[in-house]
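The sequence and the structure are shown first.

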Amino acid sequence: MSEDFEPRIIGFLCNWCSYAGADAAGTSRLPYPPNIRIVRVMCSGRVSPELVLRTFREGADGVLVLGCHIGDCHYTDGNHRTAKRIPILRKLLSYVGIEPERLRLEWVSSSEAQRFAQVVSEFTETVRRLGPLELKGGA
Amino acid sequence: MDRLDLLREAARKVLDSGQVEGVLALRADHGGTVPHLFHPGDDLSDLALWPKFPLPRTVDMLLSSHPEARLGIVVRGCDERGLIEMAKRHQVDLARLTLIGLACTAEEVAYCPCTRPYPNEIAVGEAVEGVEHVLAAEQARLSLAERMAFWRRQFAKCFKCYGCRNVCPQCFCEQCTLEDDLWVERGVLAPPFPSFHLIRALHTVGKCIGCHECELSCPADIPLTILYTLLRQDAQEMFGYEPGASLEDKPPLVVAGVT
């Protein structure tokens, strides 16, 4: 792994909680790594497994899914599905040789600017340690 | 009387009961088997057992095209579990079906490894012990790099015949993600990694009842059931859900509620 590897991270953020949390981090001038590219989605439950897989295929080294805390979902239970889907997808990634740590799910509310910055920083470091995602190996 | 004679007798009994318009079973054909609807009074001498073929989707088709019909159907353990999962998703009306349960033999289980090779109610045959999926257990011993090398090699063989999906008793969506250009580009062979087979694997969670038909039908011999078996074990551990075990259990990925 080269020293100057900068991970490419895609963050899927729920419109109602986590995106507002990211916004709050910005207006509060909280620093966080610029590696994350944020995609606003209406609900973390909208992040299908095929969307995550395609994101990896398009060159992401890590995918971060942020949604409302359980109980706070704008759509009542959209994040319930995320809570079950992402762990299963992580299992599948590990079965085909992709580090499951490259996919992370966290709950970040609109008031948790600090938490947002911390999660993004931690995740960026995790992916940096893992190195670039190589999908070509062994074929 | 051998197992096949017993099955014919059981089918005859159901046909003669006057409760059903026909019995869906397998018929010997050109050295193989095909699904066939036997009517009351039909000669049952070509009713067959093997090679096995999943009947739930055929019965779904028959029940849909004949909304008043009541049918009998020969079910192995996997067929019965398949019907239960289909019923949960309103694909089949179990009240219109009379099940004729068939237990698999040890030889059949060796060919098609399964942890529960018998239905809840057995009309023909005797329950034998299920077996674990040896290849799935072996995956755990591989490193991540070895796993990726293995699966990339396997998936590279795929020429997208869609046999795994078409034969699956749990694949009944009107619009299939595997045909959506956004996720699996058309005209690209083999399908890019990671897409096709991983999407399909995820979509089997909470549904796959372990009939192995996908793998048996794959002309490229991709050991698909390794992934499905591992995910089925995960769903069991994470959500306590076993597809096909009961009509009451709710499929974890489609209902609200977190544990």
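In this predicted model, the centres of domain 1 of chain B and domain 2 of chain B, taken over C-alpha atoms, are separated by 26 Å. Domain 1 of chain B spans residues 3-111, and domain 2 of chain B spans residues 134-251. Their contact draws 17 residues from domain 1 of chain B and 22 residues from domain 2 of chain B.

**The domain interface of chain B**

About 1,700 Å² is buried between the two domains of chain B, and carbon and sulfur atoms give 61% of this area. On the side of domain 1 of chain B, the residues that lose the most area to domain 2 of chain B are R57(B), K88(B) and R89(B); together these residues account for 33% of what that side buries.

Polar interactions also span this interface. Between domain 1 of chain B and domain 2 of chain B, 14 residue pairs are in polar contact, with both residues at pLDDT 80 or more. Two helices of chain B, α2 (56-65) and α3 (77-88), each supply at least two residues of the side of domain 1 of chain B that touches domain 2 of chain B. The largest share of that side comes from α3(B), with eight residues. By residue class, the side of domain 1 of chain B that touches domain 2 of chain B comprises nine nonpolar, two polar and six charged residues.

The count of salt bridges between the two domains of chain B is one. Separately, the side chains of K52(B) and E213(B) form a salt bridge with an N to O distance of 3.0 Å.

**Salt bridges across the model**

Over all chains, the count comes to 21 salt bridges. The table lists several pairs, including the one just described.

| Pair | N to O distance |
|---|---|
| K52(B) and E213(B) | 3.0 Å |
| K91(A) and D234(B) | 4.0 Å |
| R104(A) and E122(A) | 3.1 Å |
| R27(B) and D29(B) | 3.5 Å |

The salt bridge between K91(A) and D234(B) crosses between chains, running from helix α3 (residues 78-95) of chain A to helix α10 (residues 224-239) of chain B. How accessible are the two partners? K91(A) is partly exposed, with a relative accessible area of 32%, whereas D234(B) counts as buried because its relative accessibility is 4%, and buried means under 20%.

The salt bridge between R104(A) and E122(A) lies within one chain and links distant parts of it, 18 residues apart. R104(A) belongs to strand β4 (residues 103-107) of chain A, and E122(A) belongs to helix α4 (residues 113-130) of chain A. With a relative accessibility of 18%, R104(A) counts as buried, while E122(A), at a relative accessible area of 35%, is partly exposed.

In chain B, R27(B) and D29(B) are joined by a salt bridge. Both partners are partly exposed: R27(B) has a relative accessible area of 21%, and D29(B) has a relative accessibility of 26%.

Which residues are joined into one network by salt bridges that share partners? The network comprises R104(A), E106(A), E112(A), R115(A) and E122(A).

How values were computed. Residues are numbered from 1 along each chain as its sequence is written. Chains are lettered from A and ligands numbered from 1 in the order in which they are written. This is a predicted model: local features need pLDDT of at least 70, side-chain atom pairs count only at pLDDT 80 or more; totals for chains, interfaces and linings use all residues. Side-chain values use heavy atoms; hydrogens and water are left out. Domain bounds come from an automatic or database domain assignment. Contact means heavy atoms within 4.5 Å. Buried area is the accessible area (1.4 Å probe) that two parts lose on being put together, summed over both. A polar contact is a pair of N or O atoms within 3.5 Å; within protein, one must be able to donate a hydrogen and the other to accept it, and residues adjacent in sequence count only if both atoms are side-chain atoms. Helices (H or I, at least four residues) and strands (E, at least two) are DSSP runs, numbered from the N terminus. Ala, Val, Leu, Ile, Met, Phe, Trp, Tyr, Cys and Pro count as nonpolar, Asp, Glu, Lys and Arg as charged, and the others, Gly among them, as polar. Buried means under 20% relative accessible area, exposed over 50%, partly exposed in between (1.4 Å probe, protein chains only).
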